[in-house]
Amino acid sequence: MPIIRLRRLRKNNSVRELLVQTRLSIKDLILPYFIIEGRNKKQDIKSMPGVFRFTIDNLLKDLEEAKKLGINAILLFGIAQRKDFLGKEAYLENGIVQKAIRAIKKQIKDLVVITDVCLCGYTTHGHCGIVTPQKRKIFAKTQNFILDNDKTLEILSKIALSHTEAGCDFVAPSAMMDGQVKAIRQALDKNGFQNTGILAYSAKYASNFYGPFREVLDSRPQFSDRKSYQMDCRNSDEALREIEQDIQEGADIVMVKPALAYLDIIYRAKQKFNIPLAAYNVSAEFAMVKAYCKKPENREQRTEIEKNLVLEILTGIKRAGADLIITYHAKEVAKWLRH
Ligand code: PBG
C-alpha cells in the first residue's frame, strides 16, 4: 500500500485555488449601521474602531462608498432620541429608522435594506419588550417584573409595519418573543405587504458577546438580564426548535446569533433545514479582532494580520453552513476580496 499523498492537493497556490470549497464573496455579507437623529454627526464607538453612529446625511455618504465597494445589503439599527418605558419612538412614522429607509430608497439604487425590529434601543429599561411590574412578589426580588410576550407582539408588529411602509425589503425581529414572526407576517399581509420578507433572529442566545453593541445603543438592561427570552448557551436542541417554529410562522431567512461560539448550531441548522441561513458575527467578535490587531507589536503588519484573521473567521462561519453573514467587517472585507 503506497502512502496516501493528500499533500498533492495542496502542492502550490494554483492547485489549492482550484480545489477551494468555500469561497467567501462580498455578496454574502450584510453590513450593520447605527443611526441617530441630527445632522452631520459621525460618532465613534470606543470598543469598535471603524464603526460609527451616523446621522442620516452621513449615513448616505457612507452608503455611497459601501455600494462602490460592492456591499449589497445592510441592517439598520435606530437609536431613540428620547427613550421611554414603552419604546414609543420605535414605530413613529417619522422615527429615525423610518426616515433613514426613505432617504436610502430615494438615493441609493439596488441595496437590500433590512431593519432590526426590537425595543431595546428605545426603552429606558433596556429590555427588548414591554415590561409589566408584578403585583405579587412571587419571584425573587430581581425578577419582580415580567416581560409581557403578547403585548410585545403588538408593538413589534407596529414597528415592522412602520418600517415596511417606509420601504424596507426585510424586517428582522430580534426580541426573541414567542410568535413574533407569525404576528409580524400577519400584520404585513393584512396591510398588503406580501412582498416584504422576514429575516428572523431565530436562535438568538443570551450572550456576553453583545457588550460593545449595548454600548452603541446604550441598551444594557437596567434590571435583571435577557435570559428569560434569549437562549441559554448550554442548549442546542432548543435552537432547532426555535428555527423550526420560525419557519412554520413564515420566516424567509433564519438566523443564528452569535456566530463563533455557535458554529455547531449553524451546522446543525443547515443540515436540518433548507432555508437561507444567516449568522451574526456580533460586536464582541469584531472587537476582539480589533483589540488584538491594535497591539503595538502588531503595528507593522496590522492590516495583513487583520485581513487573514477576518477572512478565516468569516470563511469558517460560511463553511459551517451560513449562507449570509452579518458583520461589521464587511467594508474592509470588500477591499480585501478585490485583490
Ligand atoms: C437587540 C440586539 C442585540 C444585537 C442585535 N440586536 C443585542 C442584545 O440582545 O442586547 C447584538 C448585535 C451585536 O452584538 O453585534 N435586540
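A word on classes before anything else: Ala, Val, Leu, Ile, Met, Phe, Trp, Tyr, Cys and Pro count as nonpolar, Asp, Glu, Lys and Arg count as charged, and the others, Gly among them, count as polar. Also, what you see is a predicted model.

With those classes, the shell around the ligand comes out as 9 nonpolar, 3 polar and 5 charged residues. There are 17 residues around the ligand, and those that come nearest are Arg214, Gln230, Lys257, Ser283 and Tyr328.

Now the polar atoms. Arg214 places a polar side-chain atom 2.5 Å from an oxygen atom of the ligand. Ser283 also has a polar side-chain atom by a ligand oxygen, at 2.7 Å. On the nitrogen side, a ligand nitrogen is 2.9 Å from an N or O atom in the side chain of Ser174. As for cover, the ligand on its own has 400 Å² of accessible area, and the protein covers 100% of that.

Where does the ligand sit? It is in the largest cavity.

How many cavities of 30 Å³ or more does the structure hold? There are 2. The largest cavity holds about 100 Å³ of space. Its lining is made of 14 residues, with Cys120, Lys204, Phe213, Gln230 and Lys257 nearest the centre of the cavity. By class, the lining of the largest cavity divides into 6 nonpolar, 3 polar and 5 charged residues.

Next, the second largest cavity, with a volume of about 80 Å³. Among the residues that line it are Phe77, Gly78, Asp116, Cys120, Ile159, His163 and Leu217. Strand 4 (73-78) and helix 4 (149-166) are the elements that give two or more residues to that lining. Its classes are 8 nonpolar, 3 polar and 1 charged.

Last, the backbone. Lys257 turns up again here, as a cis peptide bond joins Lys257 and Pro258, with omega about -10°. Pro258 is placed in the loop between strand 10 (253-257) and helix 8 (263-272).

The other detail is Asn40. Asn40 is not a glycine, yet its phi is positive, about 50°. This residue is found in the loop between strand 1 (29-35) and strand 2 (42-44).

That is what I have for today.

Notes:
Residues numbered from 1 in each chain as written. Predicted model: local features only at pLDDT ≥ 70, side-chain atom pairs only at ≥ 80, totals over all residues. Heavy atoms only, no water. Near = heavy atom within 4 Å. Polar contact = N/O pair within 3.5 Å; in protein donor to acceptor, adjacent residues only side chain to side chain. Areas by Shrake-Rupley, 256 points an atom, 1.4 Å probe, with all protein chains shown as cover. 1 Å grid on protein atoms, 1.4 Å probe; cavity = no way out; pocket = protein on both sides within 12 Å on 5 of 7 lines; lining within 4 Å. Sits in = over half its atoms within 2 Å of the grid points. Points joined across faces, edges and corners; volume = space filled by probe spheres on them. Helix = DSSP H or I, 4+ residues; strand = E, 2+ residues; numbered from the N terminus.
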